[in-house]
Structures are given as structure tokens and as C-alpha cells.
Amino acid sequence: MHTVLSSATKTITIGDDQPFCIIGERINPTGRKKFQEQLRAGDYTAIEADVLAQVEGGATMLDVNMGAPMIDEPAALAAAVTLIQQITDLPLCIDSSVVEALEAGLSVYQGKALVNSITAETERMDLILPLVKKYGAAIIALPNDEFEIPEEPARRLELTKVIVDYATTKYGIPIEDIVIDPLAMPIGADSTMVVRTLETIRLIKEHVGVNMTLGASNVSFGMPDRHTLNAVFLPMAMTAGLTSAIMDSRTPQVVTAVRAADLMNGNDEWGANWIAAHRARQAAAAAAAAAE
Amino acid sequence: MTPDEILKNLYDETMVGNAPAVLDLTNEGLAIGMTPEQILFEALIPSLEEVGARFERGDYFVPEMLIAGRAMSGALEVLRPLLALTGVETVGTFLMGTVKGDVHDIGKNLVNIMLEGAGFHVIDIGVQAGPEKFIAGIEEHKPDIVGMSAFLTTTMPMFKANINAIEKAGLRDQVIIMVGGAPVTQEYADVCGADGYAADAATAVRRAKDLIAKRRASVNA
């Protein structure tokens with residue numbers, strides 16, 4: 001199954017026969033006090049550095065979230081999307097829990113965006129899926145409902161089916177434009193969390209076959225040496241069937257682990273991407289040495 | 001073991017989250033005539049305080065905090081009925097819930113564990129707690145503090161809605177209100193009319209204790 005996304009000039013494909021889709025997570029004010037203050041003052045300059053660092057780090061797409069207290073989120077998201085599309089041609093993932101902000105972001109977006117996100121709550125689906133349809137976007141969906149975030153993989157699969165059925169039947173969203181988030185939770189809070197996520201990925205791959213993405217950095221919350229945990233979790237999840245992640249694309253250790261897993265899983269023919277990345281690092285090192 | 005040895009071992013074993021040892025030591029202490037207050041206030045609470053301090057410094061991590069809290073909870077199950085008999089004043093009662101529209105509970109549960117560790121009596125009203133549930137909880141349990149958790153920018157406005165409802169029910173003066181969750185900031189807590197905010201579980205406990213001390217001082221003044 002292929003989920004195709006685009007900017008005005010670039011098209012990318014998510015699929016289990018494609019290199020893993022790295023969605024850079026950085027453009028998000030949660031936990032970034034200074035960034036929040038800047039956004040409240042209408043200052044978007046920090047976004048440019050975040051875009052460049054993530055592009056350089058190897059992101060396939062960028063997530064854009066402007067959710068912070070006391071920010072006019074629709075206006076901020078529209079402004080950020082416009083600005084980012086002037087800086088990079090990577091397709092964007094428009095991320096908000098505010099419906100009006102999603103619409104504002106989608107209305108200025110050039111290309112086919114990924115929308116983040118809906119859950120299995122009917123009320124939310126009825127608000128957001130019409131926008132997804134109207135703008136011809138793709139949608140990330142989380143298999144939780146208004147009662148709980150289910151721990152059991154079987155229940156997550158059940159809710160996945162509910163969402164896919166509802167979106168395709170009621171709103172005519174093509175199944176390939178539905179990307180399920182199998183829910184990554186902190187391993188520090190419960191040692192069985194990742195096992196459950198991996199099992200969910202396997203179940204969804206086997207029974208539904210849609211593309212999947214998740215917030216990979218959640219896994220290492222509250223633990224030391226987060227980069228190593230993220231760098232190990234991702235290849236495990238990829239092998240289970242994960243095809244994308246919203247993740248740290250600025251840390252070489254994490255990105256390199258993902259690209260190595262692409263090679264091992266047969267999604268980098270003749271190691272062409274792996275070798276090209278190696279040459280690029282060599283060239284960068286040589287240029288840095290020459291500059292000294 | 002002498003009482004001093006039991007206190008020292010309790011402190012050490014709680015800090016490493018050795019639940020069976022903490023339970024055994026608690027029972028042994030009671031058997032040789034130590035009071036539940038002594039066990040709680042001279043060993044368990046100081047140990048969890050140190051766990052919190054280490055967490056805040058970045059020397060302790062989430063799982064270590066969880067198992068230390070769990071070890072203490074086991075001892076508290078033995079001590080709580082005894083403490084109730086002796087009528088010891090608890091550190092405070094804390095009513096906690098994730099607001100309506102929100103089903104996230106990992107952060108809330110972490111804070112609960114640390115609050116229990118500090119000696120609070122914690123009542124968890126779960127996720128998706130609407131104003132009526134908070135009000136019913138206040139009326140039933142008479143908490144010193146009401147804690148509200150939200151993980152989404154779309155559910156944070158429920159803080160204000162809950163606080164308004166609590167005010168309307170005539171209960172606002174009876175409780176301290178604290179808010180928290182990933183997107184929440186001190187500024188937002190101020191704007192929505194909460195009395196306190198903390199960015200993590202260990203800080204939340206400190207803030208809760210400060211706020212109660214301040215409240216009790218002003219009542220007694």
C-alpha cells in the first residue's frame with residue numbers, strides 16, 4: 001500500500017517497499033518555553049533553523065504543530081505552513097488537535113498534506129474527515145476512543161478497523177490515505193509498553209495492511225540515553241511493519257539506525273542510499289577539514 | 001534489628017524500590033513496637049523525598065521513581081488503617097483526575113505515585129472527568145487539593161470550565177487547585193485561575209506541600 005504525499009514540487013511515497021518515511025518532530029512548541037514566547041509575539045524566525053536542521057538531518061517530511069497556550073493556533077499554523085513551504089520542498093504533516101487550525105493550515109498548503117490526527121471518536125472524525133476530503137489530504141488516525149487509550153493490541157486493531165471502515169465508507173477517503181498510529185508509550189512507565197506497540201503493528205500490517213506512523217520519541221521519555229533507545233526502537237518497529245515515524249531527525253545516531261534498518265529490510269537496493277549517505281558525510285568532513 | 005536499623009533499612013530499600021523488603025521491615029518494625037507515624041515520617045517519606053530530589057536533578061529516572069513509589073504503597077496499605085486509628089493528621093488529601101475529553105493518564109499516574117510517596121492520601125477519579133465528577137469528588141472526599149491533568153491544547157480549556165463549576169458550586173474556597181500536563185505552562189495556570197502548576201511529578205509534590213503549608217498557616221493565623 002502506498003501513501004503518496006507532496007509539496008508544490010516534490011512527491012514522496014510511504015510504503016513497506018519504500019525507504020522509511022522520517023517525519024521531523026521538531027517544529028512543535030510543547031516544552032519549548034522560549035519558542036512559545038516567540039510565537040506569542042508573532043516571531044517565527046526559530047522555525048527556519050528547525051527546518052534547516054531537520055532537512056540536513058535527513059527528514060523525509062516535517063511535522064508542523066503550533067499548539068501552545070494563548071496562541072492563536074489557526075493563524076499561527078497557517079503562517080508557519082506558508083513560511084516553511086518557502087524554505088523547503090519537503091511535504092508537511094499538519095498537526096493540531098484544533099479543527100480550525102487544521103483547516104487554516106490545509107487552506108494555505110500547496111500539495112497533498114498529511115493531517116495529524118483523528119481518533120476513533122465519531123465526533124472528531126465527523127469534524128476532520130470532511131476537511132481531509134475537501135483538501136485531498138491524507139490522515140493519521142490513532143486507535144483510541146473517548147473512553148481510553150487501549151493497552152491491548154487486539155483492541156487497538158479493532159479500533160483501527162472502525163476508523164478505516166468509517167473513513168472509507170462514510171467519507172470516501174481512499175484507504176491508502178489513512179495512516180494508523182499504533183500508539184507508542186514510554187517504556188519507562190511500563191516495561192511491556194513497547195512489546196504491545198510492536199504487536200499492534202504486526203496485527204495492523206497483517207489484518208489491515210495500511211501504512212503506520214507513530215511518535216517514536218515517546219518511547220524513551222523519562223529514561224537516560226534517549227538517543228540509543230530511539231535508535232533501537234525504530235528498527236524493531238520497522239521490522240514489525242512500521243513505515244513512518246514522527247521522530248528526531250536531527251540526531252545522526254537515530255537517523256542512521258533507521259537507514260541501516262532500511263538496508264537490512266530490503267528497502268535500499270544495493271545499499272545505494274546507505275553508500276550515498278556515507279559519501280555525503282565524507283565530503284562534509286573533507287570540506288570542514290579544508291576550511292580549517 | 002533495632003528501631004534505628006529498621007528505619008535505615010526502610011529508607012534504603014524504599015529508595016531502590018525493593019517492595020518485599022519494605023513490607024517485611026514495616027511489619028517487623030510494628031512487631032517490635034515502633035509506631036506507624038515513626039515508620040512513615042522517619043523512613044518512608046524521607047526516602048521518597050530523596051527519590052524526588054534525585055529525579056529533579058536528573059540522577060533518577062522514571063522507572064526508579066515508579067518502583068520506589070510502589071514499594072512505599074505496599075507499606076502504606078499496612079500503615080494506613082493503623083494511622084487512621086491513631087488519628088494522625090495526614091500530609092493532605094489530593095483529588096486527581098484527567099479532564100473531560102482527555103484519556104491520557106501516564107503523567108497523572110506518575111504524579112499520583114509521588115504524592116502518595118510524600119504521604120498524601122490520593123483519590124484518583126480517572127480520565128474523562130467532567131466538572132460534575134470533580135464536584136462530587138470534592139463533596140465526598142473533602143480534599144485539600146484538586147489536581148487536573150490535560151495532555152492536549154484542546155482539553156486544557158476544561159481547567160477553566162472545571163474551576164468555574166467548582167466556584168459556582170460554592171466549593172472554590174475549600175480547595176487548592178493545581179493543574180498540569182505536557183502542554184500546560186505556569187502562565188496558562190495563572191490565566192485559568194489555578195493556584196498551582198508544576199512541570200513534573202517531583203516538582204508537583206513540592207508545590208502541593210508548599211501550597212498546603214501556606215493554606216494551613218493562613219487559616220491558623
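**Domains, chain contact and core**

User: Into which domains is chain B divided?
Analyst: Chain B has domain 1 (3-86) and domain 2 (92-220), with bounds from an automatic or database domain assignment. This is a predicted model, in which local features need pLDDT of at least 70, side-chain atom pairs count only at pLDDT 80 or more, and totals for chains, interfaces and linings use all residues. Residues are numbered from 1 along each chain as its sequence is written, while chains are lettered from A and ligands numbered from 1 in the order in which they are written.

User: How many residues does each domain of chain B give to the contact?
Analyst: Domain 1 of chain B gives 16 residues and domain 2 of chain B gives 11 residues; two residues are in contact if their C-beta atoms, placed from the backbone, lie within 7 Å.

User: Turning to the chains, how many residues does the contact take from chain B and from chain A?
Analyst: It takes 18 residues from chain B and 22 residues from chain A. The side of chain B that touches chain A divides into 12 nonpolar, five polar and one charged.

User: Which residues touch the most other members of the largest nonpolar core?
Analyst: Among the 153 residues of that core, they are L62(A), I94(A), V115(A), I139(A), L234(A) and M114(B). A nonpolar core is a set of buried Ala, Val, Leu, Ile, Met, Phe, Trp, Tyr and Cys residues joined through C-beta atoms within 7 Å; buried means that 20 or more other C-beta atoms lie within 10 Å of the residue's own.

User: What does I139(A) contact beyond its neighbours within four places in sequence?
Analyst: Its contacts there include V115(A), I118(A) and D177(A).

Note on methods: Ala, Val, Leu, Ile, Met, Phe, Trp, Tyr, Cys and Pro count as nonpolar, Asp, Glu, Lys and Arg as charged, and the others, Gly among them, as polar. A residue is buried if 20 or more other C-beta atoms lie within 10 Å of its own, exposed if 12 or fewer, and partly exposed in between; C-beta atoms are placed from the backbone.
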